[in-house]
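Hi everyone, thanks for coming. Let me put the structure up on the screen and we can walk through it together.

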Protein chains: 2
Amino acid sequence: MKARQSLLILTLAACAGITLAETAVRNEPIQPLAPYVPADAAATAKAALGEKLYFDPRLSKSGAISCNTCHNLSMGGTDNLTSSIGDHWQRGPINAPTVLNSGMNLAQFWDGRAKDLQEQAGGPIANPKEMAFSHELAVRVLDSIPQYRDAFKGVYGKDTIDIQMVTDAIAAFEKTLVTPDSRFDLWLKGDDTALNDQELKGYQLFKGSGCVACHNGTAVGGNSFQKMGVVEAYKTDSPELGLEGVTKDEADRFKFKVPTLRNVELTYPYFHDGAAKTLEDAVAIMGRIQLGRQFTPDETADIVAFLKTLTGTQPDLKLPILPPSNNDTPRPEPFNAADSEPRPQNG
Amino acid sequence: MKARQSLLILTLAACAGITLAETAVRNEPIQPLAPYVPADAAATAKAALGEKLYFDPRLSKSGAISCNTCHNLSMGGTDNLTSSIGDHWQRGPINAPTVLNSGMNLAQFWDGRAKDLQEQAGGPIANPKEMAFSHELAVRVLDSIPQYRDAFKGVYGKDTIDIQMVTDAIAAFEKTLVTPDSRFDLWLKGDDTALNDQELKGYQLFKGSGCVACHNGTAVGGNSFQKMGVVEAYKTDSPELGLEGVTKDEADRFKFKVPTLRNVELTYPYFHDGAAKTLEDAVAIMGRIQLGRQFTPDETADIVAFLKTLTGTQPDLKLPILPPSNNDTPRPEPFNAADSEPRPQNG
């Protein structure tokens with residue numbers, strides 16, 4: 001895999017007219033993203049299966065909600081809503097974090113209650129407020145469809161499908177969702193023209209004022225839990241406790257996983273409660289409650305200009321064509337007796 | 001365009017190793033689909049803009065429902081639900097017809113109330129039971145996004161966006177959604193090996209028993225309105241009146257647009273009320289109420305085998321990457337005061 005990556009980087013460098021010396025990494029607290037390169041054909045097949053599952057709304061009770069509904073790959077891997085819409089339009093408890101580059105997170109969910117992407121993927125399927133299905137039913141749907149059975153057999157070598165395979169394949173697909181070649185990465189790799197003066201000034205301020213203490217590493221975040229409201233309490237309507245809900249340790253109250261800032265221009269609104277509608281709001285609030293710092297409008301604008309350079313190349317995907325249900329496939333149940341009856345539409 | 005089509009057919013024929021003689025059309029009441037070929041670069045640009053709009057949930061009040069939600073191009077251009085889910089999980093009045101090959105329909109909607117795809121496209125956006133937005137707000141959202149403004153200017157040559165441009169671009173994209181090269185089309189074009197004996201027997205029965213009287217032409221339907229329940233009344237819970245709702249003529253009661261049978265294997269469930277869950281059910285009911293004919297299980301199986309040969313090549317699309325909202329973009333309103341407040345999730 002290392003050799004393949006180097007080959008790819010060489011190829012990309014050649015295509016972009018970049019000499020090898022320019023791919024050298026600056027000594028910064030943020031590192032450039034490497035493009036995803038599958039280990040082998042088996043990895044490619046597993047991710048392709050996971051991609052179909054990611055887009056398949058038949059993993060929900062209603063037949064209408066897929067992973068892509070709330071982590072929409074056309075929209076930065078989020079739904080761009082304050083909180084997501086679940087089965088029967090239930091209001092989700094928290095802002096949907098981006099799936100992009102999420103394989104780099106130290107744990108999954110805002111409170112870190114899933115250790116990895118595979119464990120995460122099973123959550124929403126069975127959550128009655130989200131996809132409202134069960135793992136058993138999801139497997140039964142997939143197992144009824146010969147094209148899925150064949151694909152699972154090809155990847156896992158078994159005649160029966162289980163939920164571990166389903167979540168493993170989804171996680172394998174999600175790990176492909178990295179977004180290299182942001183302008184900031186080009187700059188990190190030595191391209192002095194990639195950033196303008198304001199963006200560079202914004203980055204220096206981002207570093208100098210302490211943002212980078214938490215938003216660092218390859219994902220510019222995602223690698224620690226931090227208290228929301230260090231210097232000043234964060235005011236929110238959200239009842240979420242964060243890590244305390246997992247550890248039951250009061251010291252972890254309001255600790256949340258630091259979100260990645262990659263593609264942050266695309267992943268609005270911000271914070272676990274989705275309360276910050278704009279990057280300007282997010283920067284101002286973070287500065288105040290985390291760093292005790294009142295950024296001037298110019299400073300905020302500079303940091304925002306820098307943050308927008310973190311938008312990378314979005315996943316280059318074909319819209320998957322899903323294998324059809326057949327007479328053996330359990331049918332979705334979008335409505336129940338309590339839902340209103342259909343009425344005629346306007347002529 | 002004719003010349004380009006011929007060139008493409010020649011190219012395709014060459015690729016598939018088919019000689020030109022084999023592209024000759026059999027003399028049948030169903031004609032093969034020609035692949036979509038854009039007239040020029042302007043047509044390609046318009047369809048590309050329309051594709052983005054088709055996938056953009058910001059054309060809905062909630063920010064969560066796009067054209068693709070109910071006419072999902074991963075699933076035969078439908079949602080595979082009895083009736084669709086609208087804003088706030090409202091139950092739609094009617095089964096969502098496929099968008100695939102819909103440019104060939106004599107009119108749009110089951111009751112034909114829109115004369116063409118452009119007129120259709122405006123309907124769901126402003127329908128309070130569907131996307132629940134308004135044309136004004138949809139335009140305001142798009143107009144706030146520089147990438148959309150540039151794309152509209154490139155296509156329509158104007159600095160301002162209007163709803164006619166929006167629906168024209170969506171319709172232009174939808175017209176590209178044709179599904180050529182079904183096995184039945186290969187047979188029509190002279191490939192004797194494309195169908196097996198059962199499928200051929202099914203087609204002969206489809207013709208001989210009268211199905212083809214309504215399901216004919218290039219789209220195998222879509223070119224007439226017919227009464228649902230000619231020989232025997234159709235029993236349904238649906239209050240839909242069909243064409244009568246448009247013409248106010250009682251003679252048009254229960255007349256619906258004959259649906260295309262192309263890709264019918266993918267477009268379950270069937271009928272305007274979505275009441276037929278399987279192709280076998282649909283064939284049996286149609287035979288009885290439209291033709292006064294009780295198909296044997298073997299006959300039904302033969303017709304179903306034929307119908308499954310109508311699945312064509314599905315659209316080969318890249319998942320579009322949507323331009324982000326910015327500080328000037330009106331934000332979606334997925335929830336209102338009457339919706340439940342968020343509660344903490346399980347730890």
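In chain A, the domain assignment gives two pieces: domain 1 covers 41-175, and domain 2 covers 183-310. Keep in mind as we go that this is a predicted model. Where the two meet, domain 1 of chain A puts in 21 residues and domain 2 of chain A puts in 25 residues. If you look at the side of domain 1 of chain A that touches domain 2 of chain A, you'll find nine nonpolar, ten polar and two charged residues.

Now let's turn to how the chains meet. Here 52 residues of chain A are in contact with 51 residues of chain B.

Last stop, a pair of helices within chain B. These are α11, residues 279-291, and α12, residues 297-307, and they pack at an angle of about 115 degrees. Their axes are 9 Å apart, and the crossing of α11(B) and α12(B) is right-handed. Which residues make that contact? From α11(B) we have L279(B), E280(B), V283(B) and A284(B). Facing them from α12(B) are T300(B), I303(B), V304(B) and L307(B). Sorted by class, this contact of α11(B) with α12(B) comes out as six nonpolar residues, one polar and one charged.

That's my tour, and I'm happy to zoom in on any of it.

Note on methods
Residues numbered from 1 in each chain as written. Chains lettered and ligands numbered in written order. Predicted model: local features only at pLDDT ≥ 70, side-chain atom pairs only at ≥ 80, totals over all residues. Axes fitted to C-alpha atoms, helices over the stretch in contact; angles between N-to-C directions. Helix = DSSP H or I, 4+ residues; strand = E, 2+ residues; numbered from the N terminus. Left-handed = near helix turned anticlockwise from the far one by under 90°. Contact = placed C-beta atoms within 7 Å. Nonpolar A, V, L, I, M, F, W, Y, C, P; charged D, E, K, R; others polar. Domains from an automatic or database assignment.
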